[in-house]
Amino acid sequence: MMHTRTREKEVDTAKRPRLSRDRLAAYALLWPSLLGVALFFVVPFGVILYYSVTDSVFSGNFVFWDNFAALIQNKAFGIAVVNTLEFTGMAVPLAVGLSLLLALALEARIPGKSKFRTVFLSPIMVPVASIVLVWQILFHQNGSVNQLLGWLGLQGVDWLRSGWDKVVIVLLFLWKNLGYNMVLFMAALSNIPSEVVEAAYIDGAGKWRAFWYVRLRYLLPTVLFVIILSLANSFKVFREIYLLSGSYPGNSLYMLQHFMNNMFRSLNLQMLCAAAVLMAVVLGVVLAILLVLERRLGKDVEE
Amino acid sequence: MNRMKKMHTVKTIALVLTLTLAAGLFGGCGGDAAARDHYRLAWQDLSYPLADGATDGGEKSLCDSFVSENFVYTAYQYLTGVDLHVFEFFRYPIGGGDPVLLYREESDVGNSFAAAVDGEDNLWLYRQYSAGWDPQFVPLLIRIDAKGDITLSEELPSVGNLWITGLFPDENGVAFYRSEWSEALNAEQMTRYYFSYAAYQAGAAADEALTETPVDSLSGVQILDGFSLHDGRMLMRVGTHDIDRQTVQLYRDGAPDGDAITFTIENASQLNYYPGSGRYLFFVWVSTDWKTPERLYGYNTQTEQIEKIVCPLDWGVPFSGPVTVRENGEIVCVDKDDLYRLTPCTAQDAAAVLTMGAYNVWGGPIAQRVYDFNKTSPDLHIRITDYSLLEEDGVSLFAGNEGMLKLSTMLMSGDLPDMLCLAEGIPTASLARQGALVDLYPYLDADDQLGRDSFVEGILEKQETDGKLYQIASGFSLSTLMAKRQTVGGIDHLTMDGFQELTAAHPDQKPFSVETTRDALVNYFSGSCFVDCVNWETGVCSFGADVTELLKLAKTLPSMEQVLQMSYEGKITKGGMEELRDGDCLFMAGEIDSFQSLQVFYEQLGDDLLFVGFPSASQNGNLLHLENSFAITTACADRQAAWEFLRSVFCGPTNWFPTTRALFEQAKADAAGNPYTEQIAELIRNAKPITTYDPQIVQIIQTETDAFFKGKQSAEDAVAAIQERTSLYVQEQI
C-alpha cells in the first residue's frame, strides 16, 4: 500500500512541472487573444456603459437613467424599435423554417441535388454592395420586377417606397441567409442516428410523427443555434438598407442601427450609448432564454 | 518524441508572438519624442518709408527684396505724377532702426535692375533697359557698401544691351548669366541647353573688362533658374524628370564647380531657392499642394544633406519669401511689406497657442484675420486646423464628409479644439447638448469694447439656443429675388399664387433670368425649409403644397450644368441684370453680401429695382445667411484670450455684411448715395435667419429633388419623401 502511494506521488511530481509548463504555454498563446477581446470588446463596452449614464463626454456628470428615459421618449427610437421587432419577427422564423425545409428537401434523393445546394449557398459569397446593386435593379420603380409586371398587364409598385419595402428587405435577408442556415441543418440532419429514426418507423410512426417526435428533437440545438444566428443577422440588415436608401429611409425601414448610426453623426454619444446598452441587454436576455430552452429541450436527446 | 517536438514548436511560436506583440506595444507607446525647437514670432514693418511729398505720388510696389545677416534690402518701382519711372533701393537693419535710401534713379523710359547682395553686405545693382530698345542706353554696374556709400559705379559700354537673369557678385568683380535653350540635338539626340556666362572685372580696361562665353549645361538637362550664392558662386537649378528628386548645379567662373547636388523632397510641387547663410549653402521653400503649408529647408554643408528648418505656420504665420538664418539661429523672412523673425526660444518662452477647428476657411478672410491677430499678439497665437482639407474636393461641406466625420469623431471623443469656426455654421444644438460650447454672453457682457448693443439688431437673438449664445457669426448675406418695378408693379413680397399670376400675365417673358438655375431655387428652398417647414420644438415637419409648387417651378429652370454649357456655346449674350433691365425676364435670384454690391444694381436699373424675396407663404421670402460662425469650447483653458481673438474678428474687416453695428453702419454710410441701402437694411432686419445649414436635411432635399428633376418620381412623391425622411431626422434630434 505504502509502495503504491509513493508511486502515485511520483506520478504527481512528474506531471506537475509538465502541467505548469503546458499551462504557461497555454497562457502565452491565450494572452494576445485575451488582450484583443479586452481591448476591443470589454473596455469599449465599459466606456459605452459609462457614457450611457453621464450627461456628456466633456463634463461627465452622472445622470443615471436620464439618457435611457430620453431614449424611450424619443419618437425616432420608438419607430426604430418597432421596425426592428417587426422585421426580426418576420425574418427570423422564415429564415429558420425555410432553411429547414430546404435542408429536408435536399436530403431527399432528387436529381441535381448538389447543384441546388450550390445555388442556395452562392449568395454567401456575394459582397453586400453587389447584392444591393442587384436588388436595386430588381426592385427599383423602373426595375426588372416592375417591367415583368408591366408585361403581365399589372401596375408596377414602388417597392422600396411603399408598404412593400419591408417585404423586399425580408426577401433580401432570406436570399442572403437561407443557404448558410440550410448547410447547418443538413449537417445536423446527417448526425441524427439513423437507428433511432428506423426504430420509430418500426414502432409505427409515420413520416410526420418521426420528424416531429424524433428528428426535430435531435435538431433542436441546431434550430436554436440557427435562431440565434438569424437574430444576429437580422440586426445586421442595416447594411443592406443603408446601401439601398441611406441614413434616412422611409419610416418603415428605419431600424435600430439607423438610429445609432445617426446618433453618432449628430454627435449624440449619450443617446447612442444608451441605445447600445439597451439593445445589448435585450439581446442578452433573449439569448439567455434561448440557451436555457436549448439546454432544457435538448437534455433528453443528449442523454 | 514527435509530441515533444510539436510542443516545443508551439512554445517557440508563443514566445516569438509574445515578444513581438510586447515589442510592438512598448515601441508604439514609447514613440520618437524628438525634441522640437520652439520659436517666438516678431514682426518688423517694411512698408515704403518715404512720405508721398518726397516722392511725387505714385503707387509704390515692392518689386524685390533680399535678406542678409544684418540687413533687409527692398526695391520699389513706381511711376510719378509726371510719368517718371522711379527705382529705389532701401536698406533696413534687422531688428529695427531707420531705413536708409541706398539708391534712387528716375528715368523717362523705365529701366530695370538686377540686384544681389554679396557676403560683405555690398548691394550690387546692374541697370538694364526693359521698356524697349534705346540706342542711347548704357548699362551701369553699381556697388553700395554696408555703410551706404557707392563704392563702384561703372558704365558697361561693351556689352550693349545685355539682358540678364542672374547677377553673381564676388570680391573679384561680377558675373552675369542668362539662360537659354537650343533646339539643336546633341549626340544622344537630346535637346541641348546652355547658358551664357559673362564675367566683368571691375576697374579693368573697358575693352578687357567683360568676357562672354556660352557654356553648356549638363547634357540634355534644362536650367530652370539660378541665383548667386554669397560666396560668388552660381547655383543653377536644373530640370529632372523625377518630381521628387531635385538637382542643383554649382558654377564658378562659368564652369561647373564640383558635382551636382541632388536631394529628395517627396511631393515637392514648388520650390523657391534663396542664397544660404552660415552652415546652409542655400535655402529652399517647399510646398507640396495648395492645402499644405510651406516648409523651409536648407542644404547643410556639414552633413551634405537637405534638412527641414521650420514650418512657419507652426509658429503663427503661413508666409514664405526671401529668407535667411542668422548666426544666432533666428529665421528672418520677408513677407510683402513686413519682415518676420522667428527667434529660437524655450517652450516656456514660446507664445501660448489656442487651437481653432475650422471648416472651409483655409486661404480665406478668416485665415487672414487669424494671421493678422498672430502678427499683433506675440504671446498668443491661434493655430487653425481646417477639416475641409480632408475632403477630396476640399471645397464644399456637402461634397463629401470625411472632414466633417473627422471633426465629429474628434468632438465625440472629447478631443476639442479651443475654438470652432465653421463657414456654414456650427451644429450648436448637438454640441451645446454635449456641454461642449461656452455661452458667449458673459464674455460679451464683461467686454469693455463690445456689448450686446454692439451687434446689428436681432443678429445675436437669431443665434441664441435656449437663451444662450454659443456662436457668433462674423458676417451675413441676404438671399433674395429681384424684379423690375416697371414690369411687375409695386409689389413688396411674393406668394406662390402671386408668382403664378405674374408669369401668366407676362407670357412673353421668361420667369427667371438665365443665372437663376434650378439649383439656386433648391438652395433657397433648402435654406427656407429650416425656418418654414421644420418645427424643432415639436419635431413636426410640414412640407406641403407650396413646396410642391416650388419644386415644379424649379424644374422649369435650367440646371447649372446646362447654363455652363449654354455659356460655353456662346448662347448666353446677356447677364441676369441686363435681362432684368431689358424686360427679358421677370425675376432674378441674387445673394447680396455688401452695400457696395448694390451699386452695380443701381448702375443697371436706376431706382427701378424691387427686392421681393422668393415665393413664400409667410410673405417673407428673404433669407439671412449667417457666415463664418465662431464658438469657444469648454476645452479652452484661456477663454478670455479666445474671446479677445473673437473680438478682433468681429471688429475687423469681413467679406460679408458685418455683424457688428459700428462696421455695419459705417458700410451703410459709405453707400449712402445708393437708394437701395435703406431698403436692404430693412430687409435684413426682417429676413428669416439661417444660423446653420443642416447638411442632413440639405442632403435629403437634394436627393429627392434630384430624383424629381430626373423624372424618377413626381413632385408630390418627392415632397412626401422629404416630409417623411426629414421628420424622422428631426424626431431623432429632439
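Helix α2 of chain A (residues 66-73) has three buried residues, A:N67, A:F68 and A:L71. Here buried means under 20% relative accessible area, exposed means over 50%, and partly exposed lies in between (1.4 Å probe, protein chains only). Helices (H or I, at least four residues) and strands (E, at least two) are DSSP runs, numbered from the N terminus.

A word on the model itself: it is predicted, so local features need pLDDT of at least 70 and side-chain atom pairs count only at pLDDT 80 or more, while totals for chains, interfaces and linings use all residues. Residues are numbered from 1 along each chain as its sequence is written, chains are lettered from A and ligands numbered from 1 in the order in which they are written, and side-chain values use heavy atoms, with hydrogens and water left out.

The loop between α1 and α2 of chain A holds A:F64. Phi of this residue is near 50°, a positive value although A:F64 is not a glycine. Most residues other than glycine have a negative phi. The side of the story that concerns solvent is simple: A:F64 is exposed, at a relative accessible area of 52%.

B:D466 belongs to the loop between β29 (464-465) and β30 (468-469) of chain B, and with a relative accessible area of 77% B:D466 is exposed.

Back in chain A, a nonpolar patch on the surface is formed by A:L35, A:V37, A:L39, A:F40, A:F41, A:V42, A:V43 and A:V47, which together have about 760 Å² of accessible area. Patches are made of residues with over 30% relative accessible area and no salt bridge, with like charges joined within 9 Å and nonpolar side chains (Val, Leu, Ile, Met, Phe, Trp, Tyr) within 5 Å. Accessible areas come from the Shrake-Rupley method with a 1.4 Å probe, and for residues only the protein chains shown count as cover.

**The nonpolar cores**

A nonpolar core is a set of buried Ala, Val, Leu, Ile, Met, Phe, Trp, Tyr and Cys residues joined through side-chain atoms within 4.5 Å. The largest one has 127 residues, and the members that touch the most others are A:L219, A:F259, B:F543 and B:F587. Helix α7 (residues 165-191) of chain A gives the largest share of this core, 13 residues. Another core, of 54 residues, lies apart from it and includes B:L313, B:I331, B:L380 and B:W643.

What does A:L219 contact beyond its neighbours within four places in sequence? Its partners are A:L100, A:F185, A:A188, A:L189, A:I192 and A:F211, where contact means heavy atoms within 4.5 Å.

**Salt bridges**

Over all chains, the whole structure has 24 salt bridges, each defined as a side-chain nitrogen of Lys or Arg within 4 Å of a carboxyl oxygen of Asp or Glu. Three of them are set out here.

| Pair | N to O distance |
|---|---|
| A:E86 and A:K166 | 2.5 Å |
| B:E88 and B:R104 | 2.5 Å |
| B:E665 and B:K668 | 3.7 Å |

A:E86 lies in helix α3 (residues 75-107) of chain A and A:K166 in helix α7 of chain A, so this pair ties together parts that are 80 residues apart in sequence. A:E86 is partly exposed at 41%, whereas A:K166 is buried at 7%.

B:E88 in strand β4 (residues 85-93) and B:R104 in strand β5 (residues 100-107) of chain B are 16 residues apart in sequence, so their bridge ties those parts together. B:E88 is buried, with 0% relative accessibility, while B:R104 is partly exposed at 31%.

B:E665 and B:K668 are three residues apart in helix α17 (residues 661-670) of chain B, and therefore about one helical turn separates them. Elsewhere, B:K574, B:R581, B:D582 and B:D584 are linked in a network of salt bridges.

**Chain B overall**

Chain B has 20 helices and 37 strands, and 51% of its 734 residues are buried.
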